Amino acid sequence: MTIHHPNSEGPPTSAHDGAADTGANTGASVDSAHVGDIVGALGRIRRDDRDSRRTWRRKLRTLLVIMGPGLIVMVGDNDAGGVATYSNAGQNYGMKLVWTLALLIPVLYVNQEMVVRLGAVSGVGHARLIFQRFGRFWGAFSVGDLFLVNSLTIVTEFIGVALALNYFGVPQKVSVPLAAVLLFAVVAGGSFRRWERFLFGLIAVNIVMFPMALMAHPSAGESARGLVPQFPGGLDSTLLLLIVSIVGTTVAPWQLFFQQSNVVDKRITPRWMKYEKADLWIGIAVVMIGAVAIMATSAFVFKDTDLFGQFSDAGGVASGLKQHGSHALGALFAIVLLDASLVGANAVSLATAYTLGDTFGRRHSLHWKLSEAKLFYVGYAVLIGISATIMLSSDAHTQGLITQWVQALAGVLLPSATVFLVLLCNDKPVLGPWVNTLRQNIAAGAIVWSLVLLSLALTAATFFHSITATQYETGFAVGAGLGVVGGGVIAVVTRRGARKAELARAAAAFDGIDSEQVTAIDNTPLTRAERKALRDADRAEWRTPHLDSLERPVFSPLRKAGLLTLRAYLLIAVILVCYAVFHGGN
């Protein structure tokens, strides 16, 4: 039997991993540390809390405790690669690419809201759901890409640390090992609360972005004009690669795995769903403000100077800001870069360590101490160590190519990660009444198809340099039209099939009632308030049963062919991105 003192921050003491309780409402959790009180940087909510929160003061206090996964994953999004990419856009194109950030806001919310639901309802991480529901082949397909891109992403975080501290005269042979030790020490303390407080402290440093942007003397009118979609200088492979990089650094696959696992690790359940969604919106606001501030700083300082259009790397931006702005401006940018690199390295490494635990079914929680979850912490340490070593053994040119390559790869691989996310969010045995609505599926489908079209355009630009902006626009329009038609057909077929299966299940549950009678009962008129009350009652205590008790879904030949086609295309797209980055870099 598991024993857990209610006032203890740590996990229950048990002889093996497994659900902490034998009672109801533990979900499919397989790590006992994932069940218990919610222990956040700013307070605690007891597991058995059933109090109503009617006043704004109580709601705010609850939000402060729940807040964390959404804010951290979004701020981690503005990592070293993000700072470099946004600076690149500002230095080379001014504020003319702000529209890409605006279009990514709904993408961020739709994707991350789905993993919030999956984490809170199922109680397990993203990788474990993929392995359990789709099998080892598709699990390896999904997780293999993540491990590769995450490892390279952490390399870029150490590049950011080195460039930032080099501005202050600290050599990379000192700065990188110190950062690696700090990152491990913070995580290995066996305290979720201490880790979250450290991250909140780093996030608070982002406030320096406001004076940094103001010192650049930005123009509100010029910034607002950047919200209008445009392709400065014409749509070519260079601009397309940058746009794909902006997508990849703003909406990265690691975010899906991190937030779902962090929601689980913080022990957030469906009862607190609305607060976690508010946390996500706060994070989105912070990341968008930060991205615009970074873009504006480089755009307005380098405007009408010899450095406009001459982006090299984030270190070059800091030096340029010192040259054309002031030493203080360059120092603030270096602080932002250092802070972003530390937050990003921590979040991406944790996403990988969480996934490692999910993949091998081992303990993977910040509530465990080092001696209690060795694979989790050793995996984290090894990843940090390898990434730091790669960074120290590479030259400046290679580091610049890696930074650009990682962001573009993340953008290209995102459709694959989103497809599995959508499949899981339509898995009735896993989410029950929390499955995607038709509207959510339409939004998710539009996102996946838009990302595919963007990578197709990059593919075309890599091989056919004579394609004009008008031809690209025509191609996007045709692609959008095909997406609308194809999506409509899929929606109708899927809805009819799901409805027929639902009626059959309902009829089988009652002897002597056929599907037509079930339809008559189902068509009984209800008001919107009554339907909402029924849905909320159904959702209130619903949790995913233990995954081993669920029958694994069977892929239809059409779905399997579609996924294999997507995989083949992504492999080609990755090769082309590598060609575009390294050919352009040479």
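Visitor: What percentage of the 586 residues in the chain is made up of buried residues?

Guide: A residue counts as buried under 20% relative accessible area, as exposed over 50%, and as partly exposed in between, using a 1.4 Å probe and protein chains only. Here buried residues make up 54% of the chain's 586 residues. Before we go on, please keep in mind that this is a predicted model, in which local features need pLDDT of at least 70 and side-chain atom pairs count only at pLDDT 80 or more, while totals for chains, interfaces and linings use all residues. Residues are numbered from 1 along each chain as its sequence is written, and side-chain values use heavy atoms, with hydrogens and water left out.

Visitor: How many helices and strands does the chain have?

Guide: Both are DSSP runs, numbered from the N terminus: helices are H or I with at least four residues, strands are E with at least two. This chain has 22 helices and two strands.

Visitor: Which residues of α6 are buried?

Guide: They are Ser175, Val176, Ala179, Ala180, Leu183, Val186 and Val187. These residues cover an arc of only 140° around the axis, so they sit on the same side of α6. The arc is that of the directions from the helix axis to the C-beta atoms. On the face turned away from the buried side, α6 carries the exposed residues Lys173, Leu178 and Val181.

Visitor: What do the buried residues of α6 pack against?

Guide: Their partners are α5 (126-167), α7 (192-204), α14 (327-360) and α15 (374-392).

Visitor: Which residues is valine 121 in contact with, leaving aside its neighbours within four places in sequence?

Guide: Contact means heavy atoms within 4.5 Å. Valine 121 is found in helix α4 (residues 98-122) and is buried, with a relative accessible area of 0%. Its contacts include Pro270, Met273, Val430 and Trp542. Across the chain, 82% of the contacts with a separation of 6 or more are between residues 24 or more positions apart.

Visitor: How many salt bridges does the structure hold?

Guide: Side chains of opposite charge can pair when their charged atoms come close. A salt bridge is a side-chain nitrogen of Lys or Arg within 4 Å of a carboxyl oxygen of Asp or Glu. The structure holds nine. In one of them, arginine 44 pairs with aspartate 37, with the closest N and O atoms 2.9 Å apart. Arginine 44 is partly exposed at 29% relative accessible area, whereas aspartate 37 is buried at 5%. Another joins aspartate 49 to arginine 53, again with 2.9 Å between the closest N and O atoms. Aspartate 49 and arginine 53 are both buried, and salt bridges with shared partners join Asp49, Arg53 and Arg271 into one network.

Visitor: Which residues make the nonpolar surface patch of about 320 Å²?

Guide: Patches are made of residues with over 30% relative accessible area and no salt bridge; like charges are joined within 9 Å, and nonpolar side chains (Val, Leu, Ile, Met, Phe, Trp, Tyr) within 5 Å. Here the patch is made by Val378, Val382, Ile386 and Ile390. Isoleucine 390 lies in helix α15 and counts as partly exposed at 35% relative accessibility.

Note on methods: Areas by Shrake-Rupley, 256 points an atom, 1.4 Å probe, with all protein chains shown as cover.
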